[in-house]
Each structure stands twice: as C-alpha cells, then as structure tokens.
Amino acid sequence: MTQVRDRDVLTLPRVPVIPLTDGIGRRFEYLRLSLTDVCNFRCSYCLPDGYRKQCGKPQELSVAEIERAVRAFASLGLWKVRLTGGEPTIRPDFEEVARAVSSVPGIRQVAMTTNGYRLAERASVWRDAGVSAINISVDSLDPARFAEITGHDRLAEVMAGIDAAQAAGFERIKLNAVLMGGVNDDELDSMTSFVVERDLSLRFIEVMRTNDNAEFFAARHVPGIGVVQRLEAAGWQRLPRAPGSGPAVEFGHARARGRIGIIAPYAKDFCASCNRLRLGSDGKFHLCLFGDGGFDLRDLLQADHQHDELISRIAGLTMGKTPGHRLHHGDSGATPHLASIGG
Ligand code: SAM
Ligand code: SF4
C-alpha cells in the first residue's frame with residue numbers, strides 16, 4: 001500500500017459543499033466511522049465468543065487516512081460523525097482520532113458509541129477531545145443479567161461512567177438497550193423510570209439479524225411496536241424528528257426529564273429516513289448496514305491531492321444506495337456481526 005504522507009491541511013483544495021444524495025433523493029448528513037473491529041465484550045447478540053482476529057484483515061485506518069476521509073465527507077455536506085466499532089475506545093490513539101475529526105471544517109458534531117468500560121475514567125478527556133454526544137450501551141440494569149449478556153460483570157463501572165459523562169458536560173447522552181425477548185424485555189418499566197429523573201435519552205434497539213446470529217435472532221427478536229404501545233399507554237408522546245436524527249422514533253413525557261427512542265429496523269418504511277453512511281475501520285465504504293461488503297476508498301486516502309477524486313467516488317457510489325435492506329427476506333448481506341462494520 002502507498003505510504004501515508006505527512007500533510008499540511010492548508011494545502012488542501014477548497015471544494016464547495018455539495019449535498020450528498022442517493023438515487024431516490026435521500027440526503028446524507030451523518031457518517032458512522034468504525035475505528036476498529038476489536039472488542040473486549042462478548043455481547044450475546046454480537047460477539048458471543050469474543051472478538052477473533054480475521055486472517056488477512058487489513059490494518060485499521062491511520063489518523064491521517066481518517067482525517068482525509070472525513071474531510072471528503074464534510075465537503076459533501078456531512079456534518080455529524082459517530083466514532084464507533086467494535087469498541088472504539090480500545091484504540092490507543094482514540095483521543096487523537098477524536099481531536100482530528102472534530103477539527104475538520106464543516107464537522108459540527110462528533111459523537112461516539114461505547115460499551116462504557118473506560119468511561120468513568122476518560123469521560124472528561126473525550127469531551128475535551130471534541131466529542132459532544134455519547135451513546136452508551138446498557139442492555140440491563142440488573143448486574144447479574146448485564147454480566148450474562150456482555151460477559152463482563154461491569155454494570156457498576158458503566159453506571160459510574162454515565163455519571164462521569166453527565167459531569168463532563170456531554171451535550172447529548174443516550175443509552176442503548178438491545179431489546180431481547182425473554183432476556184431483558186421485562187425491564188421496560190425500570191429502564192423507563194431510570195430516565196424519568198435524568199436528562200438522558202434511552203434507545204431500545206430491536207435485535208438485528210446478522211450472518212453470525214441467526215439462531216439468537218430467531219429466539220430473541222421481539223418487535224419494537226410492543227414497546228411503542230406500552231409507552232403510549234403510559235402517556236409518552238411521539239416527538240418531532242430533530243435535524244440529523246436517524247430512523248429512531250422518539251417519545252417524551254410531560255413528567256419525564258429524559259426521552260425514550262425505538263429503533264425498529266424491521267418496521268415498515270424504516271429505510272425511507274435512512275440518513276447514514278458508514279466507513280469501516282479498513283477503509284471500506286458501506287452504503288447499508290446489511291449490504292454486500294462495501295467499496296474500498298483506501299487507495300484514495302493516501303495523499304491530500306486525491307481529495308477531488310475521493311469526493312467524486314463517494315458521490316458516485318452513494319447514488320447506487322439501495323432503497324432498503326433485505327432483512328425481511330432473511331438476507332442480512334455480508335455483515336457477520338455489527339462489530340465488524342460499526343453498528
Ligand atoms: N462496542 C460499542 C457498543 O457496544 O456500544 C460500539 C459498537 S456496537 C456494534 C454499537 C451498537 O450496536 C451497540 O449499542 C450494540 O448494542 C448494537 N448492536 C450490536 N449488535 C447488534 C444487533 N445484532 N442488533 C441490534 N443492535 C446491535
Ligand atoms: Fe462489543 Fe459493542 Fe458488540 Fe457488545 S455490542 S460485543 S460491546 S461491539
């Protein structure tokens with residue numbers, strides 16, 4: 001592979017912002033950037049046997065490659081970047097990546113998704129590095145259950161991390177809970193109460209089928225509509241979509257400080273509001289979480305003068321984004337698990 005060269009950002013060509021759309025007029029403003037496939041947790045729906053290094057897997061993108069990619073997406077009007085993985089904070093240069101991404105002109109919000117294992121100790125460092133929004137995965141508020149789901153008896157640490165994130169002044173804090181029938185679907189009330197007093201947004205995510213979890217999915221998938229019905233019965237009301245928000249449906253309640261969202265990828269029209277694109281830690285561009293393996297951008301991330309060619313390739317590929325996933329037909333594309341692509 002070509003050597004990544006030192007660069008001077010001031011030499012970059014000045015390219016006007018061109019809004020990025022696909023063939024059916026969906027506009028893209030949001031990039032999910034996976035920093036690594038590696039994870040230390042063993043979530044039962046994602047990496048039940050833990051992370052296993054794949055033979056021949058290319059090295060993760062360097063900070064310079066990431067910065068060039070984000071610059072190109074920003075030239076195409078994307079203003080929000082989420083750092084995800086695998087577990088993004090496993091990367092020793094995580095703070096450097098966050099600083100580089102948040103310094104790219106046009107990027108107005110850098111968010112991250114984490115399992116929270118380093119959050120209590122690092123929250124203020126990440127905030128200072130430019131991350132303003134954080135999603136923390138908490139699938140259960142019961143310590144034994146949390147340990148069973150993730151393979152780590154660390155609920156107390158993650159909860160301390162949530163307090164640390166609030167103290168560090170993150171503008172948006174969301175808790176992600178994957179909804180699993182017979183595992184945590186009896187926790188709706190306790191989870192809902194948790195956000196009544198706190199300025200947090202809780203997201204229930206329907207478990208998604210990937211190549212590796214077909215059996216788990218068949219046993220545990222429950223539709224998010226059940227949560228919606230229970231919330232509405234308890235007086236929660238649907239909120240209007242905020243700019244840059246994805247396909248989540250959000251609810252608020254007059255007596256609650258926090259909000260609750262549902263991400264239901266199997267719901268009708270879920271893909272119609274898809275506003276996200278993904279870049280894998282190996283430089284593959286993914287138009288859909290459940291697509292067919294992605295398109296390589298890495299050869300155009302090697303030098304600043306490739307910027308124009310890079311944006312043309314991104315714009316051309318995006319035109320070919322399919323209108324919807326094929327999950328309903330049992331086809332989850334080439335994605336083995338979401339850790340491999342950045343969920
Ligand atoms: N390791 C970090 C974490 O867990 O927050 C970031 C990466 S993880 C792939 C991102 C999100 O995807 C997490 O909220 C996780 O719970 C969710 N996720 C992973 N696999 C999933 C699946 N099969 N269905 C639904 N959500 C999934
Ligand atoms: Fe790791 Fe996140 Fe997957 Fe859990 S969901 S195994 S924390 S990547």
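How many residues of the shell around ligand 1 are nonpolar, polar and charged? The shell divides into seven nonpolar, 10 polar and two charged residues. (Ala, Val, Leu, Ile, Met, Phe, Trp, Tyr, Cys and Pro count as nonpolar, Asp, Glu, Lys and Arg as charged, and the others, Gly among them, as polar.)

## Ground rules

This is a predicted model, where local features need pLDDT of at least 70, side-chain atom pairs count only at pLDDT 80 or more, and totals for chains, interfaces and linings use all residues. Residues are numbered from 1 along each chain as its sequence is written, chains are lettered from A and ligands numbered from 1 in written order, and side-chain values use heavy atoms, leaving out hydrogens and water.

## Around ligand 1

There are 19 residues around ligand 1 (a heavy atom within 4 Å), and Tyr-45, Gly-86, Ser-137, Asn-176 and Met-208 come nearest.

Now for the polar contacts (N or O pairs within 3.5 Å). One ligand nitrogen sits 3.0 Å from a polar backbone atom of Gly-86, and a nitrogen of ligand 1 is 2.8 Å from a backbone N or O atom of Met-208. From the side chain of Asn-176, an N or O atom is 3.0 Å from a ligand oxygen. On its own, ligand 1 exposes 540 Å², and the protein buries 95% of that (Shrake-Rupley areas, 1.4 Å probe).

## Helix H9

Helix H9 (a DSSP run of H or I, at least four residues) covers residues 307–319. Its buried residues (under 20% relative accessible area, 1.4 Å probe, protein chains only) are His-307, Leu-310, Ile-311, Ile-314, Leu-317 and Thr-318. They share one side of H9, because their arc around the axis is only 135 degrees (taken from the directions from the helix axis to the C-beta atoms).

Technical notes. Polar contact = N/O pair within 3.5 Å; in protein donor to acceptor, adjacent residues only side chain to side chain. Helix = DSSP H or I, 4+ residues; strand = E, 2+ residues; numbered from the N terminus. Expected span 1.5 Å × (residues − 1). Buried < 20%, exposed > 50% of the residue type's maximum accessible area, 1.4 Å probe, protein only.
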